[in-house]
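The following exercises concern the chain displayed below.

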Amino acid sequence: MASTGVNVLRYSALFAGVSYGLYHQSNINAVNHKAKVDRDFAHQASLITQAKAEFKKKNMPQESVTKGGEVISDPNDPKFDLEGYLTALMGEKAK
């Protein structure tokens, strides 16, 4: 049978090991939780930027000027802008 001093030493070492294990495990869990929160935040931020881009694309006014810089003068064209056309005509008359 072991003496009392040896048993106290054994149980003290056991308690210290269990305490260190709990402390270390809580640190690991905290790091993992922080990484998960960061990933979730980055994912939400990317979703927000993607939604903003889609909203801008959906609600952006149509271009009333062709790629060449000319105003669309065909009234049957869905991109025809009467105000832009009249402004361009007034600008040409002023020159």
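A residue is called buried when its relative accessible area is under 20%, exposed when it is over 50%, and partly exposed in between (1.4 Å probe, protein chains only). The structure is a predicted model, in which local features need pLDDT of at least 70 and side-chain atom pairs count only at pLDDT 80 or more, while totals for chains, interfaces and linings use all residues. Residues are numbered from 1 along each chain as its sequence is written, and side-chain values use heavy atoms, with hydrogens and water left out.

**Exercise 1.** Determine how many helices and strands the chain has, and what percentage of its residues is buried.

*Solution.* Step 1: helices (H or I, at least four residues) and strands (E, at least two) are DSSP runs, numbered from the N terminus. The chain contains two helices and zero strands. Step 2: of the 95 residues in the chain, 3% are buried. Step 3: accessible areas come from the Shrake-Rupley method with a 1.4 Å probe; for residues, only the protein chains shown count as cover. The chain exposes about 8700 Å², and 63% of this area is supplied by carbon and sulfur atoms.

**Exercise 2.** State where Ala2 is found and which residues it touches, not counting residues up to four places away in sequence.

*Solution.* Step 1: Ala2 belongs to the segment before helix H1, which covers residues 4–59. Step 2: a contact means heavy atoms within 4.5 Å. Not counting residues up to four places away in sequence, Ala2 touches Asn7 and Arg10. Step 3: Ala2 has a relative accessible area of 31%, so it is partly exposed.

**Exercise 3.** Find how many salt bridges a search of the whole structure gives, and describe each pair.

*Solution.* Step 1: a salt bridge is a side-chain nitrogen of Lys or Arg within 4 Å of a carboxyl oxygen of Asp or Glu. The search finds three.

Step 1: Lys34 and Asp38 form a salt bridge with an N to O distance of 3.2 Å. These two residues are four apart in helix H1, which means that about one helical turn separates them. Lys34 is exposed because its relative accessibility is 52%, whereas Asp38, at 41%, is partly exposed.

Step 2: Lys36 and Asp40 form another salt bridge, with their closest N and O atoms 3.1 Å apart. Both residues lie in helix H1, four residues apart, or about one turn of the helix. Lys36 has a relative accessibility of 43% and is therefore partly exposed; Asp40 is partly exposed at 38%.

Step 3: Glu54 pairs with Lys57, the closest N and O atoms being 3.6 Å apart. Here the residues are three apart in helix H1, which again means a separation of about one helical turn. Glu54 counts as partly exposed because its relative accessibility is 46%, and Lys57 counts as exposed at 56%.

**Exercise 4.** Identify which residues form a nonpolar patch on the surface.

*Solution.* Step 1: patches are made of residues with over 30% relative accessible area and no salt bridge; like charges are joined within 9 Å, and nonpolar side chains (Val, Leu, Ile, Met, Phe, Trp, Tyr) within 5 Å. Step 2: the patch consists of Tyr11, Leu14, Val18 and Leu22, which together have about 460 Å² of accessible area. Step 3: one of these residues, Val18, lies in helix H1, and its relative accessible area of 46% makes it partly exposed.

**Exercise 5.** Is Thr87 buried or exposed?

*Solution.* Step 1: Thr87 is located in helix H2, residues 82–94. Step 2: its relative accessible area is 52%, so Thr87 is exposed.
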